[in-house]
Amino acid sequence: MRRHLDAGRRRRRRFGTGVAAAAALAVAVGAGVQSSSAAWVSSTTLGDAVGSASSSCTTPGVYRTTASSRWLAGSVAGAPLTARAALAPMTADNPASIAVFPAGAVPQGSDAATTAVSSASAAAALGSALTAPSGSQTQYAAATSTGTSVAGVGAVDTAGIASGSAPALGALDVDGLLGQVSGGTAAAGDLSRLRLAVGRVAATSTLRECSRRWGASLASALDRGVTVSSLSLTTRTASVTRLVGATGAQRAAVRTAFDAVTGGAGTSPAETSLAGTAGTGLVGAVNAALGSLGSLARAGGASATVRIGADLGAVDTAAAQTTPAGGLVRLDASAGDVVVDVGSLAPAAPAPNTALLTAADASRIASGTSAAAGAVVTDVGAAWSAAASEATVSVDVSVPVVLAGATIATVGESMSGTVAQFAAGTETRSAPSVVVLSVLDPTSLLAAVTAQLAPLLLGPVEGAVGTVVSAPLTAAVADAKGSLATSLTAARSALPGELGVLPAVLSVTLNEQPDVAPHPAPAAGTGGGYRTTALRLKVLGGSALDLAVATTSVGPDRTVNE
């Protein structure tokens, strides 16, 4: 996916300190999706509980606020990640006085602090299921006694995301995760080597409880934003694997057929046959010319050299290609890998609880895979046809002219071109070479030979090229194309069923918000209040993996009198 998936409000601002930092972080990531109201909290107008607070929301010591951020939460094969100290959330709790942070947190002013989760900690938590995580992920939380709570986690620097320098989650070995639970591998059916690569992920949340108490709606008092920069799923299907194998087998068959015509390092029967046709043709043309001149001389035995060549390099390139990026599916035809841009299934600004890899998505992936496989087969077939029509033929033939046992002249002719050019009669022909040693007039002999070449040499050679070169090459290509078309049809029939298991194997949710319908159950260890998870991943319904990536939580915030 070439674009970021963003939700929330964005302003270009870097972190500051304290309350200013809290306000900045809330809008550091995300753009596009409207703030959503919690179903279980209603907007409240100003009441006695506010006490002596000011509507300007600058009076300290009035609100008890809380915020937390967590890079990774959930479980692997049922084992919770909450027990790992290295993955502990960053929390900020303000009892209407001074914010309290976990031990080891780095203060960002008086009301905010950060912790970091290293790539090593993430890799240790997920074991062999995670590869290539990069950098440390920031966990930020701020809570003020004036009624604002803020949380941010992950790639929270928009400049870093744009430049590609922000850390990525890494790649999840879905196959390995399935293998850890009973029935997991069987659930994947004809899919293998499942792997999900996840790029830069972030979530931010801000709750301005004071503003809400003074009449602002929850929608305007609560900001949430998420970013997921890329999601790429790689897998192999049994049908595509068979198609790749069939393509390899047909390529080998075509190469064998081409080698039989070209001869490789030796001389092929086709080359021998063409040499005979060329020699017979030139002997006939020379004798006809000598007869027209009234000469008693005759043509001796011909000498001919024929070379046939064909280049199948373009076929190899087509068969090993990765289909162009930019669509939903790319196919690495050399390995048979189906690469799905899962992120492209989502809108640019995903709404809360946007589910990907649904049944409808699986159908689209099957269609995209079918199209990509068809493109490869088409390209291979076109390369075969081109190799057959562009096979090269060169013919060099010469004949001595003999009188009374002595050679008195030599006549030669050369022809070269592609099979298609010989078929069209547009091959390159040299002017006949005539070397006269005695007796004959060279000019007269040249004119007489030239007049006989077309019917006695050129025409027969052109016809022979069609018979002994073009016909077998074309037949081999036609057979291979037909066989490969059958294999493609079989693959296309199988793909919907093979890829139809994806929703049961892997679920992906963007911008998960448990307080918004359909109210998904949050991952364990993601805090309370208004929770926002940038990316929720489940393998086999969560039994093999239930992973919440980049979760923030703000609130519930209360006044000191509540």
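## Exercises: a covered strand and a helix pair

Strand β18 has both faces covered: Asp337, Val339 and Asp341 on one side, Val338 and Val340 on the other, are all buried (under 20% relative accessible area, 1.4 Å probe, protein chains only). Strands here are DSSP runs of E with at least two residues, and helices are runs of H or I with at least four, numbered from the N terminus. Bear in mind that this is a predicted model, where local features need pLDDT of at least 70, side-chain atom pairs count only at pLDDT 80 or more, and totals for chains, interfaces and linings use all residues. Residues are numbered from 1 along each chain as its sequence is written, and side-chain values use heavy atoms, without hydrogens and water.

**Exercise 1.** Work out which strands join β18, and how they run.

*Solution.* 
- Start with β14 (residues 231-237): four bridges link it to β18, antiparallel (strands pair if DSSP finds at least two bridges between them).
- Here Thr234 has Val339 as its bridge partner.
- Next take β17 (residues 329-332), also antiparallel to β18 with four bridges; Arg330 sits opposite Val339.

**Exercise 2.** Describe how α11 and α13 pack.

*Solution.* 
- Get the geometry: α11 (residues 359-389) and α13 (residues 442-499) pack at about 175°, axes 9 Å apart (axes are lines fitted to C-alpha atoms over the stretch in contact; angles run from 0 to 180 degrees between N-to-C directions).
- The pair is therefore roughly antiparallel (over 145 degrees).

Key:
Parallel < 35°, antiparallel > 145°, perpendicular 65-115°, else oblique. Buried < 20%, exposed > 50% of the residue type's maximum accessible area, 1.4 Å probe, protein only.
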